[in-house]
Amino acid sequence: MAQTPKKPETAPDGDHWLVRPENIRKIWIGSIIALAITVAVELFTGTAGHFHGVDEWFAFPAVFGFLSCVVMVFVAKVLGNILKRKDDYYDL
Amino acid sequence: MIFETFPPALILLFAAFMAVISRPNARAVIVLVAPLITLWAIWSLPDGVLITTRFLDYEIQPLEVSPVRRMFATVFAIMAFTGALYSFRTAKTAELGAAFAYASGAIGVCFAGDLITLFIWWEMMAIFSTIVVWCGGTEASRRAGIRYAMMHLLSGVLLKIGIEGVYVHTGSLEIEAMLATDLDRWLILIGILINAAAPPFSSWLPDAYPETSPTGAVFLSAFTTKTAVLALILLFPGEKVLVWVGLYMVFYGIIYALLENDARRILAYSIINQVGFMVCAVGIGTELALNGAALHAFAHIIYKALLLMSAGVVLYRTGQRKCTDLGGLFRTMPVTCICGIIGALAISSFPLTSGYTTKTMISVAAEQEHLVFVWYMLAAASAGVFLHAGIKFPWFVFFQKDSGLRPKDAPWNMAAAMIFFAFLCIALGIYADPLYAMLPNSTIVPVYKPEKVVFYLQLLLFSGLAFFLLLNYMKRTLTITLDLDWIWRVAIFRLGNLAYDACSAVRTAAEKTILSFLKTGREGLDDLSERDGLILRATSATGLGALYIMVLLTLYILVYYLD
């Protein structure tokens, strides 16, 4: 049910403000500041760790979250190489 | 009160029947009002066993109420209402009727006081959910529906054998906490786990749900897996094997969703991921963990339905569900996009959403039990949820690239259903006390402690950073990912063909040997007959046949007398 392209929210240069490169740059900068703040705030709240291990280190959740995701993406990549098939695999 | 001993499931079942036979306008009223009456009926029921009756030779309890049962029934009724609101204008009559009968099955399971009643409602769910799958109306959904039905009938059969075993060996049909200590209970556990989409049978869920209609998946996402979670809470609290089954499901869901291209299948995999958290919590088995499982199931039904509603609107408006075909839809679908994002934040258990106030209990329960490894795995999985569902779904559907699609936003009823659930996601994230009040016991922990909020914000936001830094590795391709169902969809047939070929080869070889043997024998006989002119003039095929029969009869007589 695709309709003819009409762009109600278009800016003068022809595309939505959210997809213009200069704004994407600003979003990146804003996000990095937000990330830094969430880490810095830990100085005031203290750690939520419980097991007296690495979980009590400063910025543990940030590092752990980031690394877990990297590992999961790469595990998925490796498994994908073995298990991926064309999406009509079962139709044939 | 009229509803003090009336099974609420029957209200929805009656509504399902009426919805099918009435005219469209009346149908709309029925499907919107019946869930509300059901909700009222659910809340009119006092705790305890309310009906005891005889069925065949057994004493059964078709209506037993406890707080956790009421909690699940409540969210099922809310789901039936919102699902009806979302779908009553576009869904087929058969789909609406089947969805309501299916919901009634789920509520029936909630209040089943004995294993026989549980089994009957369990099968109701299997039958009517299959019809919902078939209402997808395509060849793919017809085939997926058959595979789906086989899986759930298998679940029912195992459950039934287990129940009969328990009855024969203990004489009890009570629904009570047990551990998988013998074959009977193992069979019950496996029967339930199949419905929870546990390994090795996880694939029925991502196989069937994406093939349904835009509205069908919304209903399907709520009932089957969550009644399985309730059954686990009631029957197998503290069964340690569930901890590992749950952890497997959590990571299975993440990895497969990361590889997936179909937006609705991404959400299907993330159902398994989320149910994994609940199964793991049931395995931990403390009061807090069981509370966490029940709370998380409640919140999950709402945000997962919201996500599938959002994906459903996209499918309804564009006919597309593959990430490679979608993108940039935020321009013209703001309501669908924002509701989808709220659902995505809730599933990621972002602070101020319902996922945060519920799922956090599970990891605290692991912490309190000093399950260090489990706790680390759950934390990694929480990051992974944000990765595979929290960002991936909205990003690839609504942002990513400009697909050129400029579809209209959701129709009013679909938008209303989404806004209602989005509101609940946030409301229960800010003020979860009504939810906590439904729990069977008051063991909960405060989740809004500054260090906890910071913990989850760091965990999630840095997962987000990882997503965008690794975006190149996430490029969607036109592929599916093989699962264990490959064994019974492909491997068995290949093995069968191999076995057939092998048997044919053996047969050909055997024929050759026997024929050449017989030929030698016959040539010998021919020689005899020519020399002596006896009756053995077996030169024609008939003669040869007579010879075979003679040999067989001789063998028969020999065997007869030897015996």
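## Helix H11 of chain B

The model discussed here is a predicted one.

Burial is the next point for this helix. Of the 22 residues of H11(B), 22 are buried, so the helix is largely enclosed by the rest of the structure. Just after H11(B) comes B:Gly285, which takes a positive phi of about 80°.

## Chain B as a whole

Chain B has 563 residues, and buried residues make up 56% of them. Its secondary structure comes to 20 helices and three strands. Along its principal axes, the C-alpha trace of chain B spans about 110 × 60 × 60 Å.

Contacts in chain B can also be sorted by separation in sequence. Taking the contacts between residues at least 6 apart in sequence, 81% join residues at least 24 apart.

## Helices H5 and H9 of chain B

Helix H5 (residues 115-134) of chain B packs with helix H9 (residues 216-235) of chain B at an angle of about 155°, and their axes are 10 Å apart. Angles over 145 degrees count as roughly antiparallel, and H5(B) and H9(B) are therefore roughly antiparallel to each other. The crossing in which H5(B) passes H9(B) is left-handed.

On the H5(B) side, the residues that meet H9(B) are B:Met125, B:Ser129, B:Val132 and B:Val133. On the H9(B) side, they are B:Gly216, B:Phe219, B:Leu220, B:Phe223, B:Thr224 and B:Thr227. By class, this contact of H5(B) with H9(B) has six nonpolar residues, four polar residues and no charged residues.

## Helices H6 and H7 of chain B

Another helix pair in chain B is formed by helix H6 (residues 139-170) and H7(B), which pack at an angle of about 155° with their axes 7 Å apart. H6(B) and H7(B) are therefore roughly antiparallel to each other. Their crossing is left-handed. The contact of H6(B) with H7(B) has 13 nonpolar, eight polar and two charged residues.

## The loop between H7 and H8 of chain B

A cis peptide bond joins B:Pro199 and B:Pro200, with omega at about -5°. B:Ala197 lies in the loop between H7 and H8 of chain B as well. B:Ala197 has a positive phi of about 65° although it is not a glycine. Most residues other than glycine have a negative phi, and most peptide bonds are trans.

Is B:Ala197 buried or exposed? The cut-off for a buried residue is 20 or more other C-beta atoms within 10 Å. B:Ala197 has 27 C-beta neighbours inside 10 Å, so it counts as buried.

## The end of helix H12 of chain B

B:Thr318 lies in helix H12 (residues 287-318) of chain B. With 21 C-beta neighbours inside 10 Å, B:Thr318 counts as buried. B:Leu329 is eleven residues from B:Thr318 along the chain, and the C-alpha atoms of these two residues are separated by 10.0 Å.

## Chain A

Chain A contains two helices and one strand. Read from the N terminus on, its elements run α-α-β. Chain A has 92 residues, of which 15% count as buried.

The loop between H1 and H2 of chain A holds A:Ala59. This residue, A:Ala59, has a positive phi of about 60° although it is not a glycine. With 16 C-beta neighbours inside 10 Å, A:Ala59 counts as partly exposed.

## Where chain A touches chain B

How many residues of chain A are in contact with chain B? In chain A 43 residues are in contact with 44 residues of chain B. The elements that give two or more residues to the side of chain A that touches chain B are helix H1 (21-45), helix H2 (60-83) and strand E1 (84-86) of chain A. H2(A) gives the most to this side, with 16 residues. By class, the side of chain A that touches chain B has 24 nonpolar, ten polar and nine charged residues.

How values were computed: Residues numbered from 1 in each chain as written. Chains lettered and ligands numbered in written order. Predicted model: local features only at pLDDT ≥ 70, side-chain atom pairs only at ≥ 80, totals over all residues. Helix = DSSP H or I, 4+ residues; strand = E, 2+ residues; numbered from the N terminus. Buried ≥ 20, exposed ≤ 12 C-beta atoms within 10 Å, placed from the backbone. Contact = placed C-beta atoms within 7 Å. Axes fitted to C-alpha atoms, helices over the stretch in contact; angles between N-to-C directions. Parallel < 35°, antiparallel > 145°, perpendicular 65-115°, else oblique. Left-handed = near helix turned anticlockwise from the far one by under 90°. Nonpolar A, V, L, I, M, F, W, Y, C, P; charged D, E, K, R; others polar.
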